[in-house]
Amino acid sequence: MNRILLGSAIAVLLLSGCTEDKKESSTQTVTKEETTQKTNETSNNTVAESTNKIVEEKKAEVVKENIIKDKVDEEVQNTQEIAVVTPDGETLYKVCASCHGQKAEKEALGKSQVIAGWDKERIITAMNGYKDGTYGGIMKNIMKPQVETKTDEEIEILATYISNIK
């Protein structure tokens, strides 16, 4: 009977030991699966963080590019504003001098009046008339292209200059 009891006890121990091994194996398998899942989650989080970081860097680059573009546009605007500076009367008159003479003393093309001695208002009236086609007689077609691109400010500057030529 001792043999039977001893054999039974050994069988129980062996069976118990095998069951514990299986439980440990199951625990280890679950642990490996959990580890794999946690590794995947960590990898996914790392990828998401890297992607977010890249997106943020790209956004920052776009913002910098827009700031630079705005500054360049502003500088171009400032340069254009500088380039639109109205010249003085002497500079404007250089084109006129080829027909009217350096001191406005000539009859342009031998057909116009001498404009030296005209007052400022008379010159402004004549130039605006040439511009809108209401003044000029025989010289109308020649003078219109000369004054149609002039602004009111340029006409006034030119009239002031011509009226003061001595």
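**Figure 1. The largest pocket has a volume of about 450 Å³.** This is a predicted model in which local features need pLDDT of at least 70 and side-chain atom pairs count only at pLDDT 80 or more, while totals for chains, interfaces and linings use all residues. Residues are numbered from 1 along each chain as its sequence is written, and side-chain values use heavy atoms, with hydrogens and water left out. A pocket here is an open set of points on a 1 Å grid over the protein atoms alone, where a 1.4 Å probe fits and protein lies on both sides within 12 Å along at least five of seven lines. Points are joined across faces, edges and corners, and the volume is the space filled by probe spheres set on them.

**Figure 2. Who lines the largest pocket?** The lining has 26 residues, and those nearest the pocket's centre are His 100, Ser 112, Ile 115, Tyr 130 and Met 143; to count as lining, a residue needs an atom within 4 Å of a point. Two or more lining residues come from each of α2 (89–100), α3 (120–132), α4 (140–147) and α5 (152–163). The top contributor is α2, with 5 residues. Sorted by type, the lining has 18 nonpolar, 6 polar and 2 charged residues. Nonpolar covers Ala, Val, Leu, Ile, Met, Phe, Trp, Tyr, Cys and Pro; charged covers Asp, Glu, Lys and Arg; the others, Gly among them, are polar.

**Figure 3. Zooming out, the protein has 5 helices and 0 strands.** From the N terminus on, the order is simply α-α-α-α-α. Helices (H or I, at least four residues) and strands (E, at least two) are DSSP runs, numbered from the N terminus. Of the 166 residues, 17% are buried; that means under 20% relative accessible area, with exposed being over 50% and partly exposed in between (1.4 Å probe, protein chains only).

**Figure 4. Lys 150 is buried yet has no salt bridge.** Look for Lys 150 in the loop between α4 and α5. What is the nearest side chain of opposite charge to Lys 150? That would be Glu 154, 5.6 Å away. Lys and Arg count as positive and Asp and Glu as negative, with His and the chain ends not counted. A salt bridge needs a side-chain nitrogen of Lys or Arg within 4 Å of a carboxyl oxygen of Asp or Glu. Setting aside neighbours within four places in sequence, Lys 150 is in contact (heavy atoms within 4.5 Å) with Lys 131, Ile 155 and Leu 158.

**Figure 5. Glu 56 and Lys 59 form a salt bridge.** Their closest N and O atoms are 3.8 Å apart. Both residues sit in helix α1 (residues 2–83), 3 residues apart, or about one turn of the helix. Glu 56 is partly exposed, at 48% relative accessible area, and Lys 59 is partly exposed too, at 49%.

**Figure 6. Lys 120 and Glu 156 also meet in a salt bridge, 3.2 Å from N to O.** Lys 120 lies in helix α3 and Glu 156 in helix α5, so this pair ties together parts that are 36 residues apart in sequence. Lys 120 is partly exposed at 26% relative accessibility, and Glu 156 is partly exposed at 41%. In total, the structure holds 2 salt bridges.

**Figure 7. Ala 104 has a positive phi, near 60°, although Ala 104 is not a glycine.** You'll find Ala 104 in the loop between α2 and α3, buried at 0% relative accessible area. Leu 109, another residue that isn't a glycine, has a positive phi of about 55°. Leu 109 also lies in the loop between α2 and α3.
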